[in-house]
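The following exercises are to be worked through with the sequence and the model in view. Each task is followed by a stepwise solution.

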Amino acid sequence: MNTAENKVALLVHSCDRYSLLYKGFEYFFNNYWPHTIPCNYYFATEEKTASVKGFENILSGSGEWSDRLSYLLKEKIKEEYILYMQEDMWLKHDVNEQFFLKLFVLAKQHNWQQVKLHSSEVYITTPTEYNIEGFTVAKLNNAASDFLMSHQVTLWNKNFLLGQMFKGEHPWRNERRGTKRLKHQNPDIYQVDYFAENDKPPINNNNNPVGRSGYNTISVNGMLNVNVPPFIDELMKGNDEERAYAAKLKYNFEHQLTHDGRPKPRKESLVKKLKKKLAL
């Protein structure tokens, strides 16, 4: 529902090499997400255009991950809040519209800067007085928690998110260094158990929550991972186009091809790349 009145941008941040995943994201997102949730919907690619039903395609240009996202936040997105997702996060349960309506109101009323909407054992939390559809809004213990900066589904104040974008950072460096920066800054960071990411259980004491959703991340190191077969099976039940797409996913998965059709990188190369990234 794209209107000038909406203050939240739902941003799917992708790259051109992962174009294989666009159709699957579209299929499962539109199956489970009510587009009546008052967001402006953006699907961001680099230089290739993409047609994703329900989304406006915006282009970041090529470059490092943090530079591309900074450009989008500065030049392409005018909304006050960003609901951040990536193209390999495929929904698997219905999303509760009322949860998001109430979340957006509370975030604006209380000027929340970051609300993590997924569960993880690395977050150590304390409950607040706020509750949304039976889900406790918890506050992170920043010193005891890890991955204060992460790219899972999160509601961000746009300017706060932009402040976490440092020039030339790839995603892993941004999460690692961004977490150190946030630990030093010690802002209020909130967390709600709304999405079960990869079937992780809730970490808070919730009061009979309504309509918990979930998603699986179906990609690792540029290839489909072990989470993808149930999604392939679901797509196989669809029309001719969806079955053909499912067959393509199955072929890449079984032959360990990258999303752009290349053979799996040699193990030694991955190790070298990882060591290089960790050294930076």
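**Exercise 1: Salt bridges**

Arginine 243 forms a salt bridge with aspartate 240, and their closest N and O atoms are 2.2 Å apart. A salt bridge here is a side-chain nitrogen of Lys or Arg within 4 Å of a carboxyl oxygen of Asp or Glu. The model is predicted: local features need pLDDT of at least 70, side-chain atom pairs count only at pLDDT 80 or more, and totals for chains, interfaces and linings use all residues. Residues are numbered from 1 along each chain as its sequence is written, and side-chain values use heavy atoms, leaving out hydrogens and water.

Task: State where arginine 243 and aspartate 240 lie, and with which residue aspartate 260 forms a salt bridge.

Solution.
1. Arginine 243 and aspartate 240 both belong to helix H7, three residues apart, about one turn of the helix. Helices (H or I, at least four residues) and strands (E, at least two) are DSSP runs, numbered from the N terminus.
2. The partner of aspartate 260 is arginine 17, with the closest N and O atoms 2.8 Å apart.
3. Aspartate 260 lies in the loop between H7 and helix H8 (267–279) and arginine 17 in the loop between S1 and H1, so the pair ties together parts 243 residues apart in sequence.

**Exercise 2: Lysine 116**

Task: Determine whether lysine 116 is buried or exposed.

Solution.
1. Lysine 116 is found in strand S6 (residues 114–118).
2. Its relative accessibility is 0%, so lysine 116 counts as buried (buried: under 20% relative accessible area; exposed: over 50%; partly exposed: in between; 1.4 Å probe, protein chains only).
3. A polar atom of the lysine 116 side chain lies 3.1 Å from the backbone oxygen of phenylalanine 147.

Key: Polar contact = N/O pair within 3.5 Å; in protein donor to acceptor, adjacent residues only side chain to side chain.
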